[in-house]
Amino acid sequence: MSFRDDFYSKEATLINRARRELANGLEKQPIDKLRLKCFTRGSAGILSLCRSLRNMENGESKSVNFDDFKAAIKQSGIDCTDDEVKDIFACFDGDNCGHINTKEFVSKLRPPMIRSRLDVIEKAFAKADHSGNGVITVNDLKNLYNVKDHPKYLSGEVTEKQILSEFLSNFDGNTGNLNAKIPKEDFLNYYAGVSASIDNDAYFDLVMRRAYKL
């Protein structure tokens with residue numbers, strides 16, 4: 001299997017592995033179970049949930065109440081029972097105030113990555129972040145991201161434009177808005193999902209360097 005075919009088959013592997021782990025009957029911590037449910041929606045599953053949570057946030061407090069938390073999970077298309085949502089929320093509402101801090105929640109939901117992986121993700125983001133303000137646009141990614149290793153592009157099955165559009169939809173919500181803003185956290189949340197699909201550190205580094213011409 002070539003580099004190209006191997007990389008683009010890994011998302012399917014991530015999805016199938018998450019489904020198997022969810023079905024294996026073993027007891028899991030609520031946050032671990034939710035992470036797996038995110039992975040059943042692919043590399044962008046965590047990003048999708050985190051964006052929904054941010055849209056529900058309560059002003060400066062950067063927190064959500066239970067109803068908004070439940071709505072964000074539903075909006076993201078993640079299949080959780082009411083009891084599962086309550087268990088997850090309770091894990092982060094330690095003082096029973098009825099709100100949880102979204103930044104703390106996201107930091108626990110995102111799968112851990114070693115420093116070298118974080119470094120190459122940050123280098124890719126910095127290359128697109130010309131202003132250095134920690135926010136890029138969909139158009140910045142469009143002008144930088146390299147799709148030419150995609151097997152469907154190489155086979156002529158789909159065009160470069162189609163592949164790029166599919167990739168960008170992870171960040172613009174399928175709006176086609178080239179000015180849609182992508183904070184660094186969203187970029188990190190997306191590549192945390194990609195990272196979870198790739199076991200080999202050197203291979204992940206190669207993927208990022210090829211995609212962003214680092």
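**Close-up views of a predicted model**

**View 1. Helices α7 and α12 side by side.** In this predicted model, helix α7, which covers residues 115–128, packs against α12 at an angle of about 5°, and the two axes are 10 Å apart. With that angle, α7 counts as roughly parallel to α12. From α7, the contact is made by Arg 117, Val 120, Ile 121, Lys 123, Ala 124 and Lys 127. Facing them from α12 are Asp 201, Phe 204, Asp 205, Met 208, Arg 209 and Tyr 212. Sorted by class, the contact of α7 with α12 holds six nonpolar and six charged residues, with no polar ones.

**View 2. The largest pocket and its lining.** Here we turn to open space in the model. The largest pocket has a volume of about 930 Å³. Its lining counts 34 residues, and the closest to the pocket centre are Glu 11, Ala 44, Glu 166, Asn 170 and Tyr 190.

**View 3. Met 56 and the residues around it.** Met 56 lies in helix α3. Setting aside neighbours within four places in sequence, Met 56 is in contact with Ser 63, Val 64, Asp 68, Ala 71, Ala 72 and Gln 75.

View 4. An unreviewed UniProt entry lists residues 80–115 and 116–151 under "domain: EF-hand". In the model, residues 80–115 are 56% helix and 8% strand, and the C-alpha atoms at the ends of this span lie 32 Å apart. Residues 116–151 are 58% helix and 8% strand, with 27 Å between the end C-alpha atoms.

Technical notes:
Residues are numbered from 1 along each chain as its sequence is written. This is a predicted model: local features need pLDDT of at least 70, side-chain atom pairs count only at pLDDT 80 or more; totals for chains, interfaces and linings use all residues. Side-chain values use heavy atoms; hydrogens and water are left out. On a 1 Å grid over the protein atoms alone, a cavity is a set of points where a 1.4 Å probe fits but cannot get out, and a pocket is an open set with protein on both sides within 12 Å along at least five of seven lines; lining residues have an atom within 4 Å of a point. Grid points are joined across faces, edges and corners, and a volume is the space filled by probe spheres set on the points. Axes are lines fitted to C-alpha atoms, for helices over the stretch in contact, and angles run from 0 to 180 degrees between N-to-C directions. Helices (H or I, at least four residues) and strands (E, at least two) are DSSP runs, numbered from the N terminus. Angles under 35 degrees count as roughly parallel, over 145 as roughly antiparallel, 65 to 115 as roughly perpendicular and the rest as oblique. Contact means heavy atoms within 4.5 Å. Ala, Val, Leu, Ile, Met, Phe, Trp, Tyr, Cys and Pro count as nonpolar, Asp, Glu, Lys and Arg as charged, and the others, Gly among them, as polar. UniProt positions are given in the numbering used here, feature names are shortened, and annotations may be inferred rather than shown by experiment.
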